[in-house]
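Open the model in your viewer and get ready to select aromatic side chains.

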Amino acid sequence: IVLVVIPIFLIIISSFQLDRSSGIFPISFTLDHYLDFLRATSFVRAMSSSLWIAAATTVFALIIGYPLAYILTKLKPRLQISLLLLINAPMWINMLLRVRALEQIIRMFFPYLIDSVPGVVIGLVYVYLPFMVLPIYAVLSKIDPSLLESASDLGANKFKTILKVIIPLSLSGVLAGILMVFLPAATTIIIPQYLAPSHNIYMIGTLIEKSIINNGRISYASAVAIVLSLVILGIVYYIKKLDKYKGVN
């Protein structure tokens with residue numbers, strides 16, 4: 001309640017307040033911030049761009065993360081633990097340091113990726129890949145081996161076993177990984193700030209910081225945050241509906 005419900009409630013209230021209202025507890029009501037957001041093509045463009053880049057990041061993270069998680073489950077327990085530690089190790093380092101290190105590597109070897117969408121996507125995949133691997137690995141490692149043996153006994157080859165047994169049973173982990181990558185990727189600030197320093201790539205987090213918060217338009221920022229949250233909640237709702245095996249162990 002204290003850490004989630006009350007802050008969200010205050011953001012909703014702020015989104016209907018006039019900017020720079022006087023008084024300790026100003027009371028006002030306006031829809032101007034929401035109307036301004038819909039009229040501002042830069043913000044609509046930034047939101048669509050953020051969602052598109054986040055979707056691309058999620059797809060590439062899934063393409064890399066799912067085979068990696070599957071391979072991990074086939075290794076010896078000690079080797080699994082060692083590799084999981086290596087996957088988790090970057091998460092123990094401050095994100096800013098990791099992004100700056102990646103920026104230096106890209107500037108040295110692939111300078112053309114700076115200020116480009118592929119460069120930002122690479123940075124996002126680099127930072128959020130562990131969030132895709134870990135939930136998928138957790139689900140794959142709990143699949144009963146007897147199910148795979150049964151599939152083999154019934155004539156399924158390895159490809160059919162993966163397609164008909166492993167992937168459906170791991171869908172909950174895949175959906176969890178998608179959410180854990182897509183949501184922060186859509187609202188990130190640090191990664192485009194350093195991998196696209198000229199700001200020619202519109203992302204909603206950076207645009208909110210530069211053009212709203214730095215100018216003191218907190219109520220407008222709250223309205224933008226509410227609109228973005230509603231869009232993301234709609235996406236989350238439809239993603240969760242894809243989980244046909246929800247609650248199945």
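Start with Phe16, Phe29 and Tyr34: ring pairs link these residues into a cluster. Rings of Phe, Tyr and Trp (its six-membered ring) pair if their centres lie within 6.5 Å; planes under 30 degrees apart count as stacked, over 60 as edge-to-face and the rest as tilted.

Two notes before moving on. This is a predicted model, where local features need pLDDT of at least 70, side-chain atom pairs count only at pLDDT 80 or more, and totals for chains, interfaces and linings use all residues. Residues are numbered from 1 along each chain as its sequence is written, and side-chain values use heavy atoms, leaving out hydrogens and water.

How many aromatic pairs does the structure hold? There are five. Select Phe16 and Phe29. Their ring centres are 5.3 Å apart and their planes are at 10°, so this pair is stacked. Both residues lie in the loop between helix H1 (5-15) and helix H2 (32-39), so the pair ties together parts that are 13 residues apart in sequence. Helices are DSSP runs (H or I, at least four residues), numbered from the N terminus.

Now colour by relative accessible area: buried is under 20%, exposed over 50%, partly exposed in between (1.4 Å probe, protein chains only). Phe16 is partly exposed at 22%. Phe29 is exposed at 61%.

Next, select Tyr128 and Phe131. Their rings form a tilted aromatic pair, 6.0 Å centre to centre with 50° between the planes. The two residues sit three apart in helix H6 (residues 117-140), so about one helical turn separates them. Is Tyr128 buried or exposed? Tyr128 is buried, at 6% relative accessibility. Phe131 is partly exposed, at 26%.
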